[in-house]
Amino acid sequence: MNLEPIKTAARQAAALCSTVQKRHFVTSQKADNDGPVTIADYGAQALIANAIKSNFPGDAVLAEETGEQFVGLVPAEQRAKVVALIGEVLGRRVSESDVVSWLDYGKDVQADRTWVIDPIDGTKGFIAMRHYAIAIGVLRGGQAVGGVMACPGYPAYNGGGALLWTENDTCMIGPIAGFSGRQVRVSAIQDVQRVRVLESVEKSHAGFERMLRARMLAGLDAAPVERLDSMEKYARIAAGDAELYLRLPNLKSTRAHSTWDHAAGAALVRAAGGLATDIDGSPLDFSSGRTMARTRGMIVSNGRIHAQMIEGVRALLEEEAETASS
Ligand code: AMP
Ligand code: MG
């Protein structure tokens, strides 16, 4: 599988996102109250899906946004803006019906290979000018086997951001604007004083107190914690710039994890020699469509502290069960 055309699309999507950030900021709430969406989300998804259509026809695509939402929720004037931006990036005329058909390309198709697109992961971060990622994962047999991720806020390459991708079972990194790349691996750090921990920024996205308690029970509470939006957390683990990304839902949360929030990241971390698992250490299960129906949380690490963290989460669940029954 040659990911070059998808890397190109990720670069184009990053260019479009950055233009939207500079020129216009428009958000529309999704119908199902599933968080904000901007015209850049639609633009990025259309570019990536079009690249899949041209280069991997017949493959299935599972993407966050839909053509129906684009037409139904975005005012005509905003739609025209993003259609023009896509044309600008591609260097040719594009119509609105092209964009709508690209947005839905490969939807509901059954195939051996499924492309998973999160056009802007961390939209709240994108809007707040924090970190976000453009992520494309490849699924086969319910496992994440490949990925491309653009992280415009990655602290590398003189502030230009980083592109990460899988290549022959390894993980590569390079500048978003540029074509060079080098192999990266997860870090070898396991000393609890040196372990760097990542977690979400948004309070509604994860159970911060639970995660702190689990880290304490794992003996990892001395580690510095950085809060970072988006799947860039996976990229940092893959590139050896952090050791642990823990994600546990709020106790009261009933929302399942979305497949597109994890597929590309899991593939990068695995290719870099790390582990991205459910909280009991089993591989992340991407076989249930748009949501990860059976997944209870994520432990993503360089592998060295993984067993310790699984044990910490197990102890947390035991404590919580005791509290609930008393
Ligand atoms: P992060 O930047 O790590 O906070 O992750 C961003 C992603 O979290 C978004 O793309 C959302 O799809 C997802 N998200 C939002 N709320 C929740 C929730 N309650 N549980 C799990 N994921 C969520
Ligand atoms: Mg997302």
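**Figure 1. Lining of the largest pocket in the predicted model.** The lining of the largest pocket comprises 10 nonpolar, 14 polar and 14 charged residues. The structure shown is a predicted model. In total, 38 residues line the largest pocket. Lys124, His205, Arg247, Arg255 and Asp261 are the lining residues nearest to the centre of the pocket. Two or more lining residues come from each of the elements β2 (36–38), β4 (113–121), α6 (123–127), β12 (244–247) and β13 (257–258). The space in the largest pocket amounts to about 690 Å³.

**Figure 2. Ligand 1 in the largest pocket.** The largest pocket is the space that ligand 1 takes up. Around ligand 1 lie Asp121, Ser200, Ser204, His205, Asp229, Ser230, Lys233, Arg247, Ser253, Arg255, His257 and Asp261. By class, this shell holds 6 polar and 6 charged residues and no nonpolar ones. His205, Arg247, Arg255 and Asp261 belong to the shell and are also among the pocket-lining residues nearest the pocket centre.

**Figure 3. Side-chain contacts of ligand 1.** For histidine 205, an N or O atom of the side chain lies 2.5 Å from an oxygen atom of ligand 1. The side chain of lysine 233 has an N or O atom 2.6 Å from a ligand 1 oxygen. For aspartate 121, the distance between a side-chain N or O atom and an oxygen atom of ligand 1 is 3.1 Å. Ligand 1 on its own exposes 510 Å², and 90% of that area is buried by the protein.

**Figure 4. The second largest pocket.** This pocket contains about 390 Å³ of space. It is lined by 20 residues, and those closest to its centre are Ala60, Leu62, Val109, Thr114 and Gly289. The elements β3 (60–63) and β5 (133–140) each give two or more residues to the lining. Strand β3 contributes the most, with 4 residues. Ala60 and Leu62, both among the residues closest to the centre, fall within the range of β3 (60–63). The lining of the second largest pocket divides into 8 nonpolar, 7 polar and 5 charged residues.

Figure 5. The structure has 1 cavity of 30 Å³ or more. The volume of the largest cavity is about 60 Å³. Its lining is made up of Gln45, Val61, Ala63, Glu65, Thr66, Leu103, Asp104, Tyr105, Lys107 and Arg290. By class, the residues lining the largest cavity are 4 nonpolar, 2 polar and 4 charged. The charged members of the lining include Glu65, Asp104, Lys107 and Arg290. Val61 and Ala63 of the cavity lining lie within the range of β3 (60–63), an element that also lines the second largest pocket.

Key:
Residues are numbered from 1 along each chain as its sequence is written. Chains are lettered from A and ligands numbered from 1 in the order in which they are written. This is a predicted model: local features need pLDDT of at least 70, side-chain atom pairs count only at pLDDT 80 or more; totals for chains, interfaces and linings use all residues. Side-chain values use heavy atoms; hydrogens and water are left out. A residue is near a molecule or strand if one of its heavy atoms lies within 4 Å of it. A polar contact is a pair of N or O atoms within 3.5 Å; within protein, one must be able to donate a hydrogen and the other to accept it, and residues adjacent in sequence count only if both atoms are side-chain atoms. Accessible areas come from the Shrake-Rupley method with a 1.4 Å probe; for residues, only the protein chains shown count as cover. On a 1 Å grid over the protein atoms alone, a cavity is a set of points where a 1.4 Å probe fits but cannot get out, and a pocket is an open set with protein on both sides within 12 Å along at least five of seven lines; lining residues have an atom within 4 Å of a point. A molecule sits in a cavity or pocket if more than half of its atoms lie within 2 Å of its grid points. Grid points are joined across faces, edges and corners, and a volume is the space filled by probe spheres set on the points.
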